[in-house]
Amino acid sequence: MFFQKNTDILKNITKDGKALFLAYDQGIEHGPTDFNDENVDPQYILKIADSGYFTGVILQKGVAEKYFDKNKYKVPLIVKLNGKTNLAKDIDPYSPQICTVEEALKYGAKAVGYTIYIGSEFESMMVSEFGRIEEEAEKYGLPVIAWMYPRGRNVKNEKDPTIIAYAARVGLELGADIVKIGYTGDPKSFRWVVESAGKTKVVVMGGSKEPEEEFLEKTKIVIEQGAIGLAVGRNIWQSPEPLVISKKIAEVIWRK
Ligand code: FBP
C-alpha cells in the first residue's frame, strides 16, 4: 500500500476546493515602500482579510504574533516561515527559515508557507530546509504552500513558461500541497503548468498593482485553466476600495 497524505488536508484553507489568500509579507520582502498610511497598519489588512472573501491571510511571524488575535479573527492564518529583504540585492537569492512549524502553530496557523528560489545557487539549501518543514508540518496535518519562484543568475527570464512549469513540477516532487507561482501570460502554457503540478494545487501570485479589469481577466483565465485560486496582496490592499475588488475576485474564483 502506498502512503498518501490526507486528501482533506486543504479543508481549513479552501472553500469548495478553491482559495483566495491575502498576502501581507511584503513588509519584509520590499520594505514599507509598498504601503501608505492605511495599509501600513496590519489591523487594516486583517479587517480586509476577515471580510469573508478570503480563505487565508499570509503573515510573517512578527505580525502574526503581535496582531493576529486567534479569538477575534475568523480568517485562517498562514505563516510564512522564511523571508528576506531586498536590500542585499543578491543575484542568487537565499531566503532563510525564520520561524518553525511549532511557532507558527502557537500563533494559530492553519498552514505554513516557504519560498524556494529555484535556479538560485542556494537552491539546495532551500530545498533541504523545505524538506524538514514538510516533515514537521506532516506531523500536525498542516498544509505546506511553496512559493516557487525561479530566480538567480541562471534564470534568464523568470516569466518563461517552461521555467514556471518546471517550478510547479518541483513543488509536486518536493511534496508541496499548494504551489504559488506566477502567471505564464497565456492560457495554453498555464494549463501545462497546472498539469505539471499534478495533484499539487496551484495558486497564482498577484504582483504589482494592475488595472482592475486586467487583473480580473487574468484571474478568470487561471481559474479556467485549473488553478484553485490566488495569493494576492498589492492588487487588493493598494486598491482604494479593497472590499470591492475582493468581492469581484471572489466572484470569479467561485464563479458566481
Ligand atoms: P503580491 O500580490 O503583492 O505580489 O504578493 C505576492 C508575493 O509573493 C508576496 O507574498 C511576497 O511578499 C511578494 O510577492 C514577493 O515579491 P517579489 O519577490 O517578486 O518581489
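1. A quick definition to start: rings of Phe, Tyr and Trp (its six-membered ring) count as a pair if their centres lie within 6.5 Å. Going by that, a search of the whole structure turns up seven aromatic pairs. Keep in mind as you look around that this is a predicted model.

2. One aromatic cluster to pick out brings together Tyr-24, Phe-35 and Trp-237.

3. Two lysines sit over tryptophan rings. Lys-15 has its charged end over the ring of Trp-254, 4.7 Å from the centre of that ring. Lys-80 lies over the face of Trp-147, with 4.8 Å to the ring centre.

4. Now for the helices. Helix α6 (residues 161–174) packs with helix α7 (residues 187–197), their axes 7 Å apart and at an angle of about 20°. Angles under 35 degrees count as roughly parallel, so α6 and α7 are roughly parallel to each other. The crossing of α6 past α7 is right-handed.

5. Who makes that contact? From α6 come Pro-161, Ile-164, Ala-165, Ala-168, Arg-169 and Leu-172, and from α7 come Ser-189, Trp-192, Val-193, Ser-196 and Ala-197. Sorted by class, the contact of α6 with α7 has eight nonpolar, two polar and one charged residues.

6. Have a look at helix α8 (residues 212–224) and helix α10 (residues 242–253) too: their axes come within 9 Å and cross at roughly 25°. That angle makes α8 roughly parallel to α10. Here α8 passes α10 in a right-handed crossing.

7. On the α8 side, the contact with α10 uses Glu-212, Phe-215, Leu-216, Thr-219, Lys-220 and Ile-223. The α10 side supplies Ile-245, Lys-248, Ile-249, Val-252 and Ile-253. How many nonpolar, polar and charged residues does the contact of α8 with α10 have? By class there are seven nonpolar, one polar and three charged residues.

Technical notes
Residues are numbered from 1 along each chain as its sequence is written. This is a predicted model: local features need pLDDT of at least 70, side-chain atom pairs count only at pLDDT 80 or more; totals for chains, interfaces and linings use all residues. Side-chain values use heavy atoms; hydrogens and water are left out. Rings of Phe, Tyr and Trp (its six-membered ring) pair if their centres lie within 6.5 Å; planes under 30 degrees apart count as stacked, over 60 as edge-to-face and the rest as tilted. A charge sits over a ring if NZ of Lys or CZ of Arg is within 6 Å of the ring centre and within 35 degrees of the ring normal. Axes are lines fitted to C-alpha atoms, for helices over the stretch in contact, and angles run from 0 to 180 degrees between N-to-C directions. Helices (H or I, at least four residues) and strands (E, at least two) are DSSP runs, numbered from the N terminus. Angles under 35 degrees count as roughly parallel, over 145 as roughly antiparallel, 65 to 115 as roughly perpendicular and the rest as oblique. A crossing is left-handed if the near helix is turned anticlockwise from the far one by less than a right angle, and right-handed if clockwise. Contact means heavy atoms within 4.5 Å. Ala, Val, Leu, Ile, Met, Phe, Trp, Tyr, Cys and Pro count as nonpolar, Asp, Glu, Lys and Arg as charged, and the others, Gly among them, as polar.
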